[in-house]
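The report below works through one protein structure, moving from its side-chain pairs to its metal sites and then to its domains. Please read it with the sequence and the coordinates at hand.

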Amino acid sequence: VGLSGLAVIAAAVVFTPWSQVLPELLLWPTLFLVVAAVAGEVKPLLIGSRAQERTLSTSAPFVLALIAVGGLGIAVVVQAVASVVDDLHQRRAWTKSLFNTAQYALSVVAGRAIYSWLAGVPIFGGPSTVSPGQIVPLVIAGACMFLVNWILVAGVISLSTGQSLQLVLRDDLRDLLVSNVVLLCVGGIAAIVADDGVGALALLGAPVIAAHLFVSASARHAYDATHDSLTGLGNRGQLHRELERGFEAADDTDTAGPSLVLFDLDHFKDINDTLGHPVGDQILRHVAGQLVAAAPDNASVHRLGGDEFAVVVRGGLLEARQMARELLASFDNAVPVGELELLVRASVGVAVAPEHGEDGETLMKNADIALYHAKLERDRISTYSPDLDVNTVERLQLLADLRTAIDKRELHVAYQPQVDLMDHRTVGVEVLVRWYHPRRGLVAPDEFVPLAENSGLIFPLTAFVLDTALGQLASWRALGYKLRLAVNLSARHLSDLGLPDQVAQAAKLHGVPLNSLVLEVTETGILSDPARADVVIRALRAMGVEISIDDYGTGNASLSYLKRLEIDELKIDRSFVCDIRSDDHDLIIVRSTIELALALGLRVVAEGIEDEPTATTLRAMGRVIGQGYHLGEPNSAEQMEARLRGEAQTAAAARQAAR
Ligand code: C2E
Ligand code: CA
Ligand code: CA
């Protein structure tokens, strides 16, 4: 294109009868057309988005008029000068500039050739006036000029972006047709009125400015309709179009893809709730910028709304997963929010065409299923597979049921005694949540607590457990039974800075002293957000609440680390306790843990005591509190109360006998 453009410019310059042209050039109307053509090129209309900037030059109508009024030489030279000036102004690379200049020259020559053929004027002829009868040839010539320009530019875009030519042409048609028709008509009028002097020509400025305003308003409109206003990323509609393009490109080139990678921020609602929406917005913008910066060239980033982002990649499974990993890695840097630095995490669902769907909608649905799966399983990246479907749908159903169960108060709690192994007294109870599902029957907490944790339902769930159990404790205290009440917390509570207040209010409501409450947390819970867990735990302890490390031994925290956090109790996990009589290894672990914990001044609870010999073995290791089926199964409040009454009566009888 560059070479033939240069050849055409040279030919036009050589064959133009400049002696006729130059005097004409000095006439006002021609001068006006020249200036308008250059100005239109240098100050083009801005169309398209910020990310994918396209411009539309308004020089075309004036160049078209020049083609007829001034002849080929002037039109080609003016257009070339305008184009080079603009390229210098924009500091474009010389190759780009060469292409621009050449494609303009070719379209001008095409326009003049058609015009001279249809209007019967010599192609290299000098200046002439345009009679109304020549208007049809001129408009056809103008259309030709636009057509050549359009195809050459679309061709180069198609080559550089890998999109099919047809697709680029179609997009352009939508964006440019109306404004090009307007500019074409203006060009025709300009050619005719050039003869009437510069005043008549100047009036044409108005429709050009109108076209200018019209195009930029509709461009803004189109931008707003396809982009998310908070982050500037493409929106859902844009995503679907991008997928469609991806499918067409894959068809054209016979390659894999496109792939859809969905991102959903973890616990974004908590951030919004605790830090406020402005901070939430700030984080979303930050994440958007991060994704755009980390995304490869063949990918486009979109925001689907809320905290969900989607990236379309032109490529197959390997590319998609590789990109998902890289984008996730970009989340490892904390997000600065005022004084704070927040770690934002995300889960990712991947679906790849054609394996996981042969159209955008199916791909979207399956990437969504993969994403849900990633959330539920706490995998960070999950790729769609058909068996995820069944499993995930079932669990989503369970999650929906859990929501109603909490609202309808279908949940209950059970109480399991904690017994001082030395004197067999019940010194505490652990509260365990129970769910009697209307169709499934009893659902184990191990099944629904993780679901609740991942969805945020854990907050109302814990509030319910805490409220019920504290109410129960209050009535037992009124009967004279002094017990510790142990309540399980999940990891997410430890990053909830509002938890201490909430606990204080619940205890106050039921008139229960805070030092009878033990909150059980796990090592993994603490380690998932150590800085905030530290703050929350300190606040709770400052109020008198005790902290217990549940399932001790199954996580990665060292005892010295936990001790530094200032905890009160260690619950040795039942997987160690239940085997101490058959497994020497476990025996040694349990014995040394008890020794160390007692030496550090911690209370020790051994979980999962299922028989008397285990209790006897533990008793020999020091002052240990026991919990397990052998000492008492989790039971209703009434049964627990009967047990406490029985113990009180036995104790009273023993005192009586001692007197
Ligand atoms: P966990 O905190 O370790 O609770 C003790 C679990 O061990 C209970 O299971 C209890 O029934 C069981 N257990 C008690 N004695 C024995 C024994 O001698 N042998 C054996 N094999 N098991 C025994 P459950 O009630 O099914 O609870 C399972 C887990 O669900 C709990 O483990 C806890 O992590 C979670 N969970 C239960 N209730 C709540 C709650 O209200 N909130 C939260 N966040 N988690 C809860
Ligand atoms: Ca527990
Ligand atoms: Ca436990």
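Arg92 is partly exposed, with a relative accessible area of 31%, where buried means under 20% relative accessible area, exposed over 50%, and partly exposed in between (1.4 Å probe, protein chains only). This is a predicted model, in which local features need pLDDT of at least 70 and side-chain atom pairs count only at pLDDT 80 or more, while totals for chains, interfaces and linings use all residues. Residues are numbered from 1 along each chain as its sequence is written, chains are lettered from A and ligands numbered from 1 in the order in which they are written, and side-chain values use heavy atoms, with hydrogens and water left out.

## Salt bridges

The partner of Arg92 is Asp86, and their side chains meet in a salt bridge with an N to O distance of 3.1 Å; the term stands for a side-chain nitrogen of Lys or Arg within 4 Å of a carboxyl oxygen of Asp or Glu. Asp86 is buried at 5% relative accessibility. By this rule the count comes to 22 salt bridges.

A further pair is formed by Asp568 and Arg541, at 2.9 Å from N to O. Asp568 lies in the loop between helix 22 (559–564) and strand 16 (569–572), whereas Arg541 belongs to helix 21 (residues 530–542), so the pair ties together parts that are 27 residues apart in sequence; helices (H or I, at least four residues) and strands (E, at least two) are DSSP runs, numbered from the N terminus. Asp568 counts as buried at 15% relative accessibility, and Arg541 as partly exposed at 26%.

Lys571 forms a salt bridge with Glu607, their closest N and O atoms being 3.8 Å apart. Because Lys571 lies in strand 16 and Glu607 in the loop between strand 17 (603–606) and helix 25 (612–619), this pair ties together parts that are 36 residues apart in sequence. Lys571 is buried, with a relative accessible area of 0%, and Glu607 is buried as well, at 7%. Salt bridges that share partners join Glu430, Glu520, Lys571 and Glu607 into one network.

## Calcium sites

Donors are N, O and S atoms within 2.8 Å of the metal (3.2 Å for Na, K and Ca), and since water is not among the atoms, sites may look incomplete.

Asn488 is partly exposed, with a relative accessible area of 27%, whereas Glu520 counts as buried at 1%.

Which residue coordinates both the calcium ion (ligand 2) and the calcium ion (ligand 3)? Asp550 does, and the two ions are 3.9 Å apart. Asp550 is buried, with a relative accessible area of 7%, while Asp551 counts as partly exposed at 25% relative accessibility.

## Domains and their contact

The protein chain is divided into domain 1 (2–226), domain 2 (236–384) and domain 3 (405–645), with bounds that come from an automatic or database domain assignment. The C-alpha centres of domain 1 and domain 2 lie 42 Å apart, and the contact between these domains takes 7 residues from domain 1 and 7 residues from domain 2, contact meaning heavy atoms within 4.5 Å.

The area buried between domain 1 and domain 2 is about 640 Å², of which carbon and sulfur atoms give 41%; buried area is the accessible area (1.4 Å probe) that two parts lose on being put together, summed over both. Helix 8 (residues 165–193) gives the most to the side of domain 1 that touches domain 2, with 3 residues. Across this interface the rule finds 0 salt bridges.

## A buried serine

Ser107 has its place in helix 6 (residues 94–119) and is buried, with a relative accessible area of 2%. Leaving aside neighbours within four places in sequence, Ser107 is in contact with Met145, Val148 and Asn149.
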